[in-house]
Amino acid sequence: MQRFYATNMLPWTNPLASYLELKPEIDVAVQRVLQSGQYISGHEVEAFEQAWASYCGASYAIGVSSGTDTLRVALLACGIGPRDEVITVAHTAVATVAAIASIGAVPVMIDVDYRTWTMDCMQIEPAITEKTKAIIPVHLYGNPTHMEVLLRIAKKYNLRVIEDCAQAHGAKLLGMHVGTLGDAGAFSHYPTKNLGAMGDAGSIITNDSAIALRARRIRQYGTDDNRVSHILGFNARMDEIQAAVLLVKLPYLDGWNDRRCKIAQTYYRALCDRFDFQVTHGQSAHHLLVVRTMKRDKLAEHLKYRGIATSIHYPIPVHLQAPYHSGQRLPITEQLCKEIITLPLYPQMTDGEVEQVIDACLDFKA
Ligand SMILES: *Cc1c(COP(=O)(O)O)cnc(C)c1O
């Protein structure tokens, strides 16, 4: 089981802290839902969809049951199906690739850029075949992918683009929110994400009315408001309690992201001589503070001894994991996975706690 708190260690993420910061408001919102008698498909989900679409500058938002399900629903809503190839990265949460495979489509994983640690868009064109139907860039750790290049290639080959924005709520590129650059944006509201619920939740944003309509149907058995089915679907609804919590948290997202950015800058200034940092492109949402060092395992040990928890996102690249293994090699992804470590970063972290981590890192002599 993953634990982020309830130990005497400084955690690397802290979903409890965002609840405690807003406890009175969240408790009222949850009570409102409990008293309403409407627990699924009610006003809270509708209100969140409107507020979220408006925040992102998108025409439509669709509440979904999880980040993984948003990718599945978005793929199906874009007309992707069995045996279609979808280009993505291996340096991501397994969920990205699992979502593609779960609808019978074929994930084609390419390498990441050695500076931005997001999709190396120069590798897209060589990976395209007559079966390629879509690209899923992942805005990893909150850092927008180089969409300028990606969108040009997608247009040339008539490919759909679904942005995996699970780690990038509020991130921007070219003055636009991520998720509005491609055909659809897929967000996770898993509790530790920048805009996290208190259970599983996700959302799709799009400016395309046809994708929005299909996504709305697919998330509820493929049916319309009259319970008539038009398209294959399943159950991928967001529930009212999650929507109510997200509505409370949304007005705080920008402030929280500013705080994440300040903490990330403090880390960078203090530690850029010691570690490699992700080179940002556009405005990152700073979901995770990941640094790269050859002494990763020793550093983790040292920090643990100093009462500081760390993590690794991700320890084994997806193309080397059993269900997805094909013998393919992705050198930059594989090297990164051996050298990255996630340091504590969450908006409620105090300056003193940031200093504590920095001091411990400066003390580290491998
Ligand atoms: C969290 C995450 C997901 C999956 O979201 P769930 O809500 O856990 O299903 C997908 N992609 C990325 C990049 C993620 O970080």
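## Basis of the model

The model is predicted, with local features requiring pLDDT of at least 70, side-chain atom pairs counted only at pLDDT 80 or more, and totals for chains, interfaces and linings using all residues. Residues are numbered from 1 along each chain as its sequence is written, and side-chain values use heavy atoms, with hydrogens and water left out.

## Ligand surroundings

A polar side-chain atom of Gln167 is placed 2.8 Å from an oxygen atom of the ligand. For Thr96, an N or O atom of the side chain is 3.5 Å from a ligand nitrogen atom. The ligand taken alone exposes 380 Å², of which the protein buries 89% (Shrake-Rupley method, 1.4 Å probe).

In total, 15 residues surround the ligand, each with a heavy atom within 4 Å of it. The closest are Gly67, Thr68, Gln167, Ser188 and Lys193. By class, the shell comprises six nonpolar, seven polar and two charged residues, with Gly counted as polar and Asp, Glu, Lys and Arg as charged.

## Cysteines

The structure holds zero disulfides (pairs of cysteine sulfur atoms within 2.5 Å). The cysteine sulfur nearest to that of Cys56 belongs to Cys165, 8.1 Å away. Cys56 counts as buried because its relative accessibility is 4%, the limit being under 20% relative accessible area (1.4 Å probe, protein chains only). For Cys78, the nearest cysteine sulfur is likewise that of Cys165, at 13 Å. Cys78 is also buried, at 7% relative accessibility.

Key
A polar contact is a pair of N or O atoms within 3.5 Å; within protein, one must be able to donate a hydrogen and the other to accept it, and residues adjacent in sequence count only if both atoms are side-chain atoms. Buried means under 20% relative accessible area, exposed over 50%, partly exposed in between (1.4 Å probe, protein chains only).
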